[in-house]
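This briefing is meant to be read alongside the sequence and the 3D structure. Please keep both in view while working through the points below.

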Amino acid sequence: MKKKILSLTLCAALLGGMSTSVCAAAEDYSEGEIHTIGVAMYDPDSAEMEMFGDYYRDYIEEGFPVKFIFSGKITDAQSECDFIEEAKENGAEGIISFAGFADGLQDVIKTCEKEEMYYALGSNSVSDENYEAIKDNPWYMGSVGPELEAVYEAGCDMTNFFLDKGAGNIVIMSGGAASGNRLHQVRTWGMLNTLEEKAGLVLTDTAENLSKTDEITELTDKAGNVQVTICPGYTEGGDGLKNLETVLSSGNCDTLMSAFHISSYLDKISAKEKEQNSNIMVGAIDSFSEQNFEIFKEKDAFGNAPIDYVRGKYASMAGPGFAMIYNAITGSPDAVKENGEAVRLYQNLWTAKSEEEYIELYGYASGIYENAYSCDDLMEVIRQFDADTDPQKFKELTEASDLESVKERIF
């Protein structure tokens, strides 16, 4: 009962702007002990990382006796290991990672073992090979995030959406696929396979190999009615913007599909629309971020929203990752793990095909009181607040990330 009162006090105080009293309530509840957790971010300036960071800073820190230490940009497994050691020196007891480089994950877990710090992937998936190597390590709690099959389907679904709207000259922004970002690879792979199956695109190699190309690659169907250009590279710290400028200067296009965010190059799309005097349909497998919320409310030169389609993660999807680590550092890893084995739990991506849909879903994902994963929800799967919680209960809440489940919890 006490946890319920705390959570309701939290919500009322936040709505009333009294965040200081909330912190005091949380501190009193835990006899003054504040736990510290490190958060590893692949790029703290990206809209997705800002989204997750705001959820932790502005919501979770107000509702639980916890503080977060956020990393700078993490570019590889070694920089993540360096951050883990730095976080340990600053009192962190565990790490929630939004980096999770597949090639160095086993080294990262070894570093956590050496530093005696718990580790969880907050929004990512793990390959079978890596999972088998680290699943029994007591310091590795597990992963939460979209299943690779769902990531692949995201690329397929977006492509079908635009083909139904008449897309014929398409630019694919493959982001970090060429640099080893598995999620970007799989999304691009789904786009290419769908274009081959539904539009007759002729692939010069397998879709999987083409998704990882590091060069601008042009493809077409046999009749020349469908043109597709793969444009690789990150748009921050990579060749993505330069490659996009090259692609857009070479001819007109009617559709741009991105395997990652699009906010950093919407100005180039807008300029191209004016130059060719026609609309470009834009879709991204990204996130329900505040940045995209603001973009959806704008209008381009043709009176349309700058983005036509978003498929992606939402802020409070990071909640179960926090609950996973919080259980571990407060002495209850068995509230998550069963028989000592790390978990692999999966969440659903959300889709918005209009401004109205985006605004509705953004509200569910980012609200203070009505939130997809509220403090109340998370307390029910943290043993310090609910002695009856167990791995099955944790799994059920974590994987109830679809819109209908969220609405049921909220309403």
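**Helix packing and local features**

Helix 4 and helix 5 are roughly parallel to each other, where roughly parallel means an angle under 35 degrees, roughly antiparallel one over 145, roughly perpendicular 65 to 115, and oblique the rest. Helices (H or I, at least four residues) and strands (E, at least two) are DSSP runs, numbered from the N terminus. The model is predicted: local features need pLDDT of at least 70 and side-chain atom pairs count only at pLDDT 80 or more, while totals for chains, interfaces and linings use all residues. Residues are numbered from 1 along each chain as its sequence is written, and side-chain values use heavy atoms, with hydrogens and water left out.

**Helix 4 with helix 5**

- Two packed helices are described by the angle between their axes and the distance between the axes.
- Helix 4 (residues 77-89) and helix 5 (residues 105-115) meet at an angle of about 15°, and their axes are 9 Å apart; the axes are lines fitted to C-alpha atoms, for helices over the stretch in contact, and the angles run from 0 to 180 degrees between N-to-C directions.
- The two helices, helix 4 and helix 5, form a right-handed crossing; a crossing is right-handed if the near helix is turned clockwise from the far one by less than a right angle, and left-handed if anticlockwise.
- Helix 4 contributes A77, E80, C81, I84, E85 and K88 to the contact, and helix 5 contributes D107, V108, T111, C112, K114 and E115; contact means heavy atoms within 4.5 Å.
- The residues of this contact of helix 4 with helix 5 comprise 5 nonpolar, 1 polar and 6 charged; Ala, Val, Leu, Ile, Met, Phe, Trp, Tyr, Cys and Pro count as nonpolar, Asp, Glu, Lys and Arg as charged, and the others, Gly among them, as polar.

**Helix 14 with helix 17**

- Helix 14 (residues 355-366) packs with helix 17 (residues 403-410) at an angle of about 55°, the axes being 11 Å apart.
- That angle makes helix 14 oblique to helix 17.
- The crossing in which helix 14 passes helix 17 is left-handed.
- On helix 14 the contact is made by E360, L361 and Y364, and on helix 17 by L403, V406, K407 and I410.
- In the contact of helix 14 with helix 17 there are 5 nonpolar, no polar and 2 charged residues.

**Helices with a buried face**

- In helix 10 (residues 240-249), the buried residues are G240, N243, L244, V247 and L248; buried means under 20% relative accessible area, exposed over 50%, and partly exposed in between (1.4 Å probe, protein chains only).
- Viewed down the axis of helix 10, these buried residues fall within an arc of 130°, so they line one face of the helix; the arc is that of the directions from the helix axis to the C-beta atoms.
- An α-helix has 3.6 residues a turn, so residues three or four places apart point the same way.
- K242 and S249 are exposed on the other side of helix 10.
- The partners of the buried residues of helix 10 are strand 6 (169-175), strand 9 (227-232), strand 10 (255-258) and helix 11 (266-276).
- Helix 16 (residues 391-399) has P391, F394, L397 and T398 buried.
- The buried residues of helix 16 also fall within an arc of 130° down its axis, so they line one face of the helix.
- They pack against strand 5 (140-145), helix 13 (319-329), strand 13 (343-346), helix 15 (375-379) and helix 17.

**Positive phi in loops**

- Most residues other than glycine have a negative phi, and most peptide bonds are trans.
- N277, although not a glycine, has a positive phi of about 55°.
- The loop between helix 11 and strand 11 (281-287) holds N277, which is exposed at a relative accessible area of 61%.
- N339 is likewise not a glycine and has a positive phi of about 60°.
- The loop between helix 13 and strand 13 contains N339, which is exposed with a relative accessible area of 79%.

**Individual residues**

- K135, in the loop between helix 6 (128-134) and strand 5, counts as buried at 15% relative accessibility.
- Not counting residues up to four places away in sequence, K135 touches Y140, G340, E341 and A342.
- I295 belongs to helix 12 (residues 290-296) and is buried, with a relative accessible area of 8%.
- I295 touches S263, L266, P306 and I307, again not counting residues up to four places away in sequence.
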